[in-house]
Structures are given as C-alpha cells and as structure tokens.
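Please look through the sequence and the structure shown here before reading on.

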Amino acid sequence: MKISLIVSDVDGTLLPEEENVEDGIRELARLIKENNLPFTLASGRPYRKMEALRKELGIRLPMVVCNGSGLWDGERYLWNRKLKTDEMRPVLEFADEAGMAVIVSREGKDQVFRKNQYIAERPFSREEEYRPESEEEWKQYTVQKLLIIDPGSPGRMESVVKKIRETTNNCQVVWYDSRGIEVMPKGCTKGQGVRELAEYLHIPLEEVMVFGDNKNDLDMFHLAGFSVSVSNGVEEIKKAADYVTGRPCVYGVVEGIKKYCCGGQEERNETKIMEKDD
C-alpha cells in the first residue's frame with residue numbers, strides 16, 4: 001500500500017475536548033519530521049484556529065479549513081468559497097430567535113451571532129460578536145461556514161434544515177448529531193476538500209490516508225484509499241473505516257502512522273485490519 005498523502009481531522013481525532021495530549025502531539029511531530037511524512041489537516045476550524053497546531057507539527061502542506069470551504073497554505077488561500085450573508089439571513093435569524101447558538105466562520109476566525117446563555121457558558125464566549133446591523137452590511141458580509149447548535153432537546157434542528165431548504169439551494173449541510181449542523185457553500189465538504197487537495201498535489205486518491213472520528217469525516221473515508229478511525233470515533237465512522245486504532249485521539253493517529261507509514265511491515269503481518277461490518 002503506497003501512501004503519498006496523510007490527512008487528519010482535528011477535533012476529536014487529534015485533540016480531545018479537555019484532556020492534555022501534548023506528549024502525543026510531540027510524538028506525532030517527531031514522526032512527521034523524522035520520516036518526512038506528507039501530513040496535513042482537514043478541519044471544520046478556520047485557519048487561525050489551526051495555525052498553532054500546524055506550526056507545532058511542522059506541517060508544510062496546505063490545510064483544508066472550514067469543512068472544505070477553503071484551502072490554506074500558511075500564507076494565503078488557494079481557494080476560499082463563501083456564503084452570502086444576506087442570502088442566509090432568514091436562517092440566521094430563525095435559529096437565533098429559537099435560542100440556538102450560531103457561530104460563523106469568516107476572515108479566518110470564528111465569531112458568534114449573539115452571546116446568548118449557551119454561548120456565555122462555553123469557550124465560544126471568548127469570540128467577538130458578528131451580527132450585521134444595516135441592510136448594506138447584510139449585503140456586503142460573507143461567511144465561510146455556519147455552526148448551529150441547539151442547546152435544547154434533540155429534534156428542533158430538523159426545522160432549521162427545513163428553513164435552509166426553503167431559503168436557498170446554494171449551501172451544503174453536514175450533521176454532527178441531532179443537535180448540531182454545519183453549513184458551507186454548496187459542494188464544500190471535507191471529502192471534496194481532500195479531493196481537490198490531492199488533485200492540486202497530483203496525488204491519486206488511492207494513495208491518500210485519512211483519519212477521523214465523527215460523521216462529518218465520512219465523505220473523506222468514502223473517497224480515500226485508506227481510512228482510519230481513532231478508537232473514540234462514533235460507531236458509524238468505525239464501520240466505514242479500513243482500520244480502527246486501539247487508542248484514542250492523537251495516540252491513535254500515531255498508532256496508525258507507525259503501523260502503515262513507518263515501515264511497520266512486521267506489525268502489519270501480525271495484526272489483521274479490522275473488517276468493516278456488513
């Protein structure tokens with residue numbers, strides 16, 4: 001199996017929500033450097049929230065940002081696709097009036113549509129507010145991605161998706177779970193971002209290895225030549241994976257890279273890849 005490009009998700013795959021994994025990140029950085037691995041990231045994060053990790057890991061390849069809305073090479077966008085804020089206005093106001101959390105990604109950073117109670121109690125509270133006030137601002141502003149979270153009971157998010165469908169057909173919706181969705185420009189997903197990155201680097205998709213943990217990584221898994229779920233991944237992603245690691249988060253990524261990208265032939269012969277469920 002030839003691996004010419006390794007792409008990893010960030011949140012939940014490399015980084016857990018709270019646990020300190022600095023030792024794992026250092027080990028991954030060591031592997032990348034010593035083996036000159038073609039490693040990069042694909043995340044729902046805007047590039048400003050990926051820069052520290054990019055530098056820490058010594059990544060030199062472009063990164064897929066905002067779930068495929070952009071490709072950032074460390075200095076500039078190689079592509080940058082956006083949603084028109086005035087077109088998405090009915091959706092933004094609908095979710096906001098329902099008391100949901102609305103986080104927009106624009107200008108390489110996250111901003112909150114309104115600092116409601118849910119936002120105030122979470123790390124999003126550190127983000128500045130973004131809410132156009134005049135008609136001219138609604139027309140001028142654009143965003144790369146929307147994250148909408150329902151802090152209440154599951155079930156209401158379907159009404160938001162219905163509102164999106166009634167409002168526009170120029171966007172892509174990705175579900176995290178019953179209470180959270182991300183909205184990107186039409187055709188923008190992590191998988192499409194990885195596809196375009198591979199084309200940009202002239203690498204066949206069958207030579208791409210991807211790591212993930214959640215449903216929004218599924219399209220990456222479906223197109224890449226080899227897919228790896230970390231042990232803390234959701235069941236749906238584990239079933240889609242070619243291999244499931246024995247360890248969580250960055251430790252699982254290190255495990256997978258050592259096994260398939262660092263000459264672990266003996267280990268490969270001894271350990272059978274976990275079969276996908278029928």
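The points that follow are grouped by topic, beginning with the chain as a whole.

This is a predicted model, and the chain in it has 11 helices and 15 strands. Of its 278 residues, 53% are buried.

**Overall shape**
- A compact globule of 278 residues would have a radius of gyration near 19 Å, and because the chain has 19 Å, the two values agree.
- Taken along the principal axes, the box that the C-alpha atoms fill is roughly 65 × 40 × 35 Å.
- When contacts with a separation of 6 or more are considered, 56% of those in the chain are between residues 24 or more positions apart.

**The largest nonpolar core**
- In soluble globular proteins, nonpolar side chains tend to be buried together.
- The largest nonpolar core of this chain has 35 residues, and Leu28, Phe39, Leu57 and Ile257 are those with the most contacts inside it.
- Several elements each supply at least two residues of this core, among them helix 1 (22-35), strand 2 (39-41), helix 2 (51-57) and helix 10 (249-261), and helix 10 gives the most, with seven residues.
- Phenylalanine 39, leaving out residues up to four places away in sequence, touches Ile6, Ser8, Leu28, Ile32, Leu57, Ile59, Leu61, Val253 and Ile257.

**Asparagine 80**
- Asparagine 80 lies in strand 5, which covers residues 77-80, and this residue is partly exposed, with a relative accessible area of 28%.
- Not counting residues up to four places away in sequence, asparagine 80 touches Ser69, Gly70 and Gln144, and its side chain makes a polar contact of 2.6 Å with the side chain of glutamine 144.
- Leucine 31 is 49 residues apart from asparagine 80 along the chain, and the C-alpha atoms of the two are separated by 31 Å.

**Helix 7 and the loop after it**
- Helix 7 (residues 190-200) has several buried residues, including Lys190, Val194, Glu196 and Leu197, and the helix is followed by histidine 202, whose phi is positive, near 60 degrees.
- Glutamate 207 lies in the loop between helix 7 and strand 13, and, leaving aside neighbours within four places in sequence, glutamate 207 is in contact with Lys2, Ile3, Ser4 and Leu5.
- Glutamate 207 is buried yet has no salt bridge, and the nearest side chain of opposite charge, that of lysine 2, is 4.0 Å away.
- The side chain of glutamate 207 does make a polar contact, at 2.5 Å, with the side chain of serine 4.

How values were computed: Residues numbered from 1 in each chain as written. Predicted model: local features only at pLDDT ≥ 70, side-chain atom pairs only at ≥ 80, totals over all residues. Heavy atoms only, no water. Core = buried A, V, L, I, M, F, W, Y, C linked by side-chain atoms within 4.5 Å. Buried < 20%, exposed > 50% of the residue type's maximum accessible area, 1.4 Å probe, protein only. Helix = DSSP H or I, 4+ residues; strand = E, 2+ residues; numbered from the N terminus. Contact = heavy atoms within 4.5 Å. Polar contact = N/O pair within 3.5 Å; in protein donor to acceptor, adjacent residues only side chain to side chain. Lys, Arg positive; Asp, Glu negative; His and termini not counted. Rg over C-alpha atoms; globule rule 2.2 N^0.38 Å.
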